[in-house]
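Please look over the model below before reading on.

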Amino acid sequence: MDKIPETDSLEMRIEALENRINGERRIRSGKPVKCAESLTRVQSALTNTANKRERVKILHKKIEDLMKYLDPQFTDHITVPDTMKLEFILAEEDFLLSQAAMLEQVNTMQPLLDSTYIRDVPEHATKLHRLSQIHIKEQDQTEAQSQEVKKLFEEYNKMMFLLSKQFTQWDETLRTMEEAKGIRPVE
């Protein structure tokens, strides 16, 4: 008994959808347009048209061949014979063996990759990021301190130059005064 109301409600819902899609259009008989029926009619019309056209029939028969020809590996299959492929493989034998050895080595080192040290990398990455931020901040502070020290050295050198110049002037003035009085300078 439960199945009957479900199918009825399903039919009602489908009919409501068809009414929404088709509006209130009616076929000549006055019945509402059914989507499934419309699609069936369209498909049959396309099939009839395809069957009437000889080229379309041939195309349908050759679709598998066309798909095979469209495959990118098909050209390799046609152009490169099996002996050439074998030569390619043999030419790369040393490389392939070395790659196999490296893969075997990675496989033996798999327990190392699963270690707690590797699993803790994200935690260490956050710490490293924090430390790198501190390092950048300290680099900026060092640069500012270096600029300040450079400025102080420049002021010191300027002051020493001026003092040296002043002492040279005083020495020259003192020498001219001693010569005018006739005093000999002590050497």
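This is a predicted model: local features need pLDDT of at least 70, side-chain atom pairs count only at pLDDT 80 or more; totals for chains, interfaces and linings use all residues.

Two salt bridges are counted in it. In general, side chains of opposite charge can pair when their charged atoms come close.

One of the pairs joins Lys 127 to Glu 123, with 3.5 Å between the closest N and O atoms. The cut-off for a salt bridge is 4 Å, so this pair qualifies. Both residues belong to helix H10, where they are four residues apart, about one turn of the helix. Lys 127 has a relative accessibility of 37% and therefore counts as partly exposed. Glu 123 is also classed as partly exposed, because its relative accessibility is 44%.

Asp 171 and Arg 175 form a salt bridge as well, at 3.2 Å from N to O. These two residues are separated by about one helical turn because they sit four residues apart in helix H10. With 39% relative accessibility, Asp 171 counts as partly exposed. Arg 175 is assigned to partly exposed on the basis of its 37%.

The surface also carries a nonpolar patch, made up of Val 149, Phe 153, Tyr 156, Met 159, Met 160, Leu 163, Phe 167 and Trp 170. Together these residues have about 840 Å² of accessible area. One of them, Phe 167, is part of helix H10, which covers residues 121-181.

Conventions: Residues are numbered from 1 along each chain as its sequence is written. Side-chain values use heavy atoms; hydrogens and water are left out. Patches are made of residues with over 30% relative accessible area and no salt bridge: like charges are joined within 9 Å, nonpolar side chains (Val, Leu, Ile, Met, Phe, Trp, Tyr) within 5 Å. Accessible areas come from the Shrake-Rupley method with a 1.4 Å probe; for residues, only the protein chains shown count as cover. A salt bridge is a side-chain nitrogen of Lys or Arg within 4 Å of a carboxyl oxygen of Asp or Glu. Buried means under 20% relative accessible area, exposed over 50%, partly exposed in between (1.4 Å probe, protein chains only).
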